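Good morning, and thank you for joining this group meeting.

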Amino acid sequence: MAANASNPISSQPLLQVQDLAKRYGQAQAQSTVFEQISCEVQVGEFVAIVGNSGVGKSTFLNCLAGLDSWQQGQVLHQGTDLSTLDETARAIWRRAHLGFVFQAFHVLPHLDVAQNIALPLMLLGRMNTQGEQRVQQVLKAVGLDGLGQRLPQQLSGGQLQRVAIARALVHSPQLLLADEPTGNLDPCTAQQVMDLLLQQTRDNGTALILVTHSADAAKRADRVLRLTASGMQTEPAL
Ligand SMILES: Nc1ncnc2c1ncn2[C@@H]1O[C@H](COP(=O)(O)OP(=O)(O)OP(=O)(O)O)[C@@H](O)[C@H]1O
């Protein structure tokens, strides 16, 4: 379910981006990736971001996560302005409030599936009995029950992305950022992973911002935004 506008709890946007600009280089040699980017995402909402290759979708997602810097504008997460946080504070904020799923899975090869999924809880100091139970619950939810002891090299691409989704959601973040999460998967597996991603974010009440080139994935979103070099536009419903 998308956020209910009449619900006072969800009246404040989860995320506000105001007049964001990203540039590389200095002075005359400066090149602008994007500018005048503004948008809002509500609690529990699913927003797809589309746009031409190279327009800056991954860069934008990295800015939302505080993993990249910007030259102008603000990124506010429930009122917290990321630009006022130093690197350490941003890392602590990310651990608590964010999940991230990448195209290339980014699971750690020397940790087994359960250990990979448990990482966010370990970093938050929550790997107690409840944490162990939560890992088992999430393993089951993503269809990997019984595979917790396997190493990543013993899994298929679709299974690896399930691990990445489980890891991104195990600590129940308010926001999940996903950068082309099905880009490395065959169409059938991509569909299954999208189903899972949607079901899990809806079940957890987690807002999802999905960068995608897939029209099929985008049309499942509550809203589709198109990133251009000079602004963010709302796409008509697909
Ligand atoms: N360190 C850098 N210096 C200069 N330009 C850079 C640097 N890093 C990225 N860029 C440029 O920023 C732009 C945005 O890249 P980004 O990967 O965010 O685009 P994208 O929309 O996600 O692309 P795709 O859809 O192909 O994945 C690109 O034109 C890229 O060349």
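Strands here are DSSP runs of E with at least two residues, helices are runs of H or I with at least four, and both are numbered from the N terminus. Residues are numbered from 1 along each chain as its sequence is written. The model is predicted: local features need pLDDT of at least 70, side-chain atom pairs count only at pLDDT 80 or more, and totals for chains, interfaces and linings use all residues.

Strand S1 covers residues 15–24 and strand S2 residues 31–41; the two run antiparallel and are joined by seven bridges. Two strands pair if DSSP finds at least two bridges between them. Six residues lie between the strands of this hairpin, in which Gly-25 adopts a positive phi near 85 degrees.

The C-alpha atoms fill a box of roughly 55 × 45 × 40 Å along the principal axes. Of the 238 residues, 37% are buried, that is, 20 or more other C-beta atoms, placed from the backbone, lie within 10 Å of the residue's own.

Finally, confidence. The average pLDDT, the predictor's confidence in each residue from 0 to 100, is 92 for the chain, and 95% of the residues score at least 70. Over residues 1–9, however, the pLDDT is below 50. Where pLDDT is low, the predicted coordinates should not be read in detail. The model scores ipTM 0.96 and pTM 0.92.

Methods. Buried ≥ 20, exposed ≤ 12 C-beta atoms within 10 Å, placed from the backbone. Contact = placed C-beta atoms within 7 Å.
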